[in-house]
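Reader: Hi! Could you walk me through this structure while I have it open?
Author: Happy to, let's bring it up.

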Amino acid sequence: MSNLSSGQSARLPHLTRRGFLIGASALSLAACGNTQNTTSGAGTKNALGLKLPAGAASAGDQYYVLPFDSTGASYKALDFYENVYSRAPLADQFNIPLVRLNQNYQIVPGAASSWEQSADHNSWTFHLRKGIMWSDGKELTAADYVETLRYSADPKHAWDFSWFWSGVIKNYTDAVAGKVPTSSIGVKQGKDKYTLVIETEGPVAYIPSACLYTTPLSAAALNKYGSGSYNINPATCVTCGPYKLTKFDPTAQVVLGPNKKYTGPFKPPIDTVVGKIYAGGDMLPRFQTGQVDQLSVTPLDLKIAAKNPKTKALHLYKNPNDFEIWYTFFDTKKPPFHNVRVRQALAHSVDRDSLIKSLLAPLATPAYGYLMPGYPFAVEDPLKPYTNYDPAKAKSLLAQAGYPDGKGFPSVKFYWWANAVSNTEAVVQALTHNWNSVLGINIQLQQLDKTTFYARMNKKPTEIQMGFVSYGMDYFDASNMLSVYKSDGRHNWNNAQYDQLLAKGAAESKAQARQEIYTEAQVQLTKEAPGVFVFHLLYGYYYAPYMQGKALTKNKNGYDGIQWPGFGATSDSLQGLYVAQNKQNWPRQKPNGIS
């Protein structure tokens with residue numbers, strides 16, 4: 001998704017020269033300050049009653065501090081089904097989804113211990129573990145998932161991610177449109193309260209993968225308070241996960257403490273998580289002085305950190321996170337972008353290799369299609385002829401569209417929001433320069449804050465004619481990422497043939513047949529150019545040396561660091577990270593507000 005998962009820290013604006021000079025001296029200052037977790041805690045128990053592994057620091061040191069950048073953000077919720085694009089740091093920690101993801105992006109059991117598809121392939125049944133309790137004393141049952149999904153389909157709620165289940169869960173689309181009651185959607189209790197049945201509009205092979213995003217609200221609390229906002233108040237928060245909310249200050253800090261009533265099967269060594277929120281500023285000095293336990297880095301950060309002997313020695317962890325793509329989208333219903341040749345002309349005007357080399361290397365790769373190489377069913381070579389950098393072809397296409405040398409082409413505003421992780425300001429300037437210089441047109445940049453950008457983009461009809469945005473996977477299957485461009489989805493490009501290919505691929509269970517279907521879909525998407533696909537992002541991380549565990553080791557694809565979806569309920573990384581004894585004497589400052 002476009003915003004970060006719980007526990008995936010946000011990268012902050014890159015360092016200034018002054019910030020580096022401060023950081024270069026920060027370690028010597030910190031050496032006189034607060035260094036912790038030198039005492040062994042191996043064999044003792046943390047606040048959740050879990051025995052700590054060999055090499056672990058003491059139980060009192062088992063907290064994890066992550067940094068988040070609030071620039072352009074407006075934090076309103078801590079739950080996926082309350083609000084996706086305005087979730088605060090450390091969201092989605094108060095529940096257990098039906099399934100989780102391991103570091104190899106494989107689906108593993110969550111609240112459901114098993115599941116199966118019906119004989120007619122039109123429904124899936126999930127069997128819930130017994131004895132998982134909410135903190136209010138009620139048991140987690142099928143009713144919690146039923147009420148959560150009904151809430152998401154309620155047009156009065158106007159959930160900002162309803163497209164995710166539209167056309168998938170039976171009657172969901174009609175419920176969102178207000179044509180049928182939410183009680184009619186295809187989600188119901190099965191033979192008992194530990195059995196959940198999800199009925200689909202037709203055969204859907206990927207439902208277990210999609211159910212990574214079945215992070216339930218408490219049915220009782222939802223009925224009591226009328227929305228999921230009860231979870232941003234420590235006094236009313238109801239959790240069945242290992243953490244509870246102890247502080248919610250969306251301008252400074254979110255703190256999750258141990259839920260000592262936790263009865264689930266996934267106890268983590270880390271019993272306290274802190275999200276430190278910064279309104280921009282230099283990040284490396286904060287990491288060097290031990291204010292935070294990890295740092296997400298930009299290419300410029302890497303160059304600066306390499307000049308400091310302490311950070312130079314750190315291992316750079318690198319992974320694709322959620323296989324994120326950054327791209328330009330168009331309002332394809334209005335001129336001039338209703339004309340496919342105009343869109344194709346812009347696609348052939350982007351010099352991806354030069355852009356990445358100068359602005360994003362080594363943390364990005366060129367995007368010729370929506371799916372990043374390594375993602376299920378992704379292809380690359382068949383797409384290049386339809387979007388490669390070819391100025392002569394771009395000019396020819398624009399002329400065929402009725403705008404020779406850009407004559408008569410209307411002035412267009414290109415909307416964007418500031419994001420340090422992708423160096424958006426420099427990238428959109430480079431893109432605009434490419435288009436204006438190659439095609440002789442007049443595209444003008446217009447910055448918005450993140451909340452306004454997404455609100456205007458998601459309006460039906462959209463209020464953004466041309467914009468720069470990202471998207472990352474929700475689950476590890478081509479059906480997810482490619483569905484962003486299905487009819488009536490995130491963007492307003494509607495193509496019946498493309499929709500048919502997606503439906504066919506979703507129903508097909510044989511891998512080779514799915515590959516052929518999704519290859520055809522990717523070719524059609526790139527060829528029709530409802531967006532200009534620019535780059536796929538790689539994420540780089542530094543972790544303080546005392547952060548240890550299996551969650552940081554390399555996965556089967558050679559990527560290391562905590563993989564997507566991050567340190568949270570939807571991942572098994574919760575169980576694979578701990579604070580080790582600080583033998584390197586790396587600085588660490590204990591945040592205020594935790595015991």
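**Contacts, a domain and salt bridges**

Author: Setting aside neighbours within four places in sequence, Thr311 is in contact (heavy atoms within 4.5 Å) with Leu284, Gln288, Ala305, Tyr542 and Trp586. This is a predicted model, where local features need pLDDT of at least 70 and side-chain atom pairs count only at pLDDT 80 or more, while totals for chains, interfaces and linings use all residues. Residues are numbered from 1 along each chain as its sequence is written, and side-chain values use heavy atoms, with hydrogens and water left out.

Reader: Thanks! Where is Thr311 found?
Author: Thr311 belongs to helix α8, residues 309–312. Helices here are DSSP runs (H or I, at least four residues), strands are runs of E with at least two, and both are numbered from the N terminus.

Reader: And is Thr311 buried or exposed?
Author: Thr311 is buried, at a relative accessible area of 0%. Buried means under 20%, exposed over 50% and partly exposed in between, using a 1.4 Å probe and protein chains only.

Reader: New topic: which residues does UniProt list for the domain?
Author: An unreviewed UniProt entry lists residues 106–490 as "domain: Solute-binding protein family". UniProt positions follow the numbering used here, feature names are shortened, and annotations may be inferred rather than shown by experiment. Over residues 106–490 the chain is 26% helix and 19% strand, with the end C-alpha atoms 26 Å apart.

Reader: How many salt bridges turn up in the whole structure?
Author: The search finds nine, counting a side-chain nitrogen of Lys or Arg within 4 Å of a carboxyl oxygen of Asp or Glu. One of them joins Lys193 to Glu139, with the closest N and O atoms 3.4 Å apart.

Reader: Nice, so where do Lys193 and Glu139 lie?
Author: Lys193 is in the loop between β6 (187–189) and β7 (195–199), and Glu139 is in the loop between β5 (123–128) and α2 (142–153), so the pair ties together parts 54 residues apart in sequence. Lys193 is partly exposed, at 37% relative accessible area.

Reader: What about Arg514 and Asp477?
Author: Their side chains form a salt bridge at 2.9 Å, N to O. Arg514 sits in helix α16 (residues 511–528) and Asp477 in the loop between β17 (466–471) and α14 (478–482), 37 residues apart, so to speak a link between distant parts of the chain. Both Arg514 and Asp477 are buried.

Reader: Which residues are linked in a network?
Author: Arg456, Lys459 and Glu463 are linked in a network of salt bridges.
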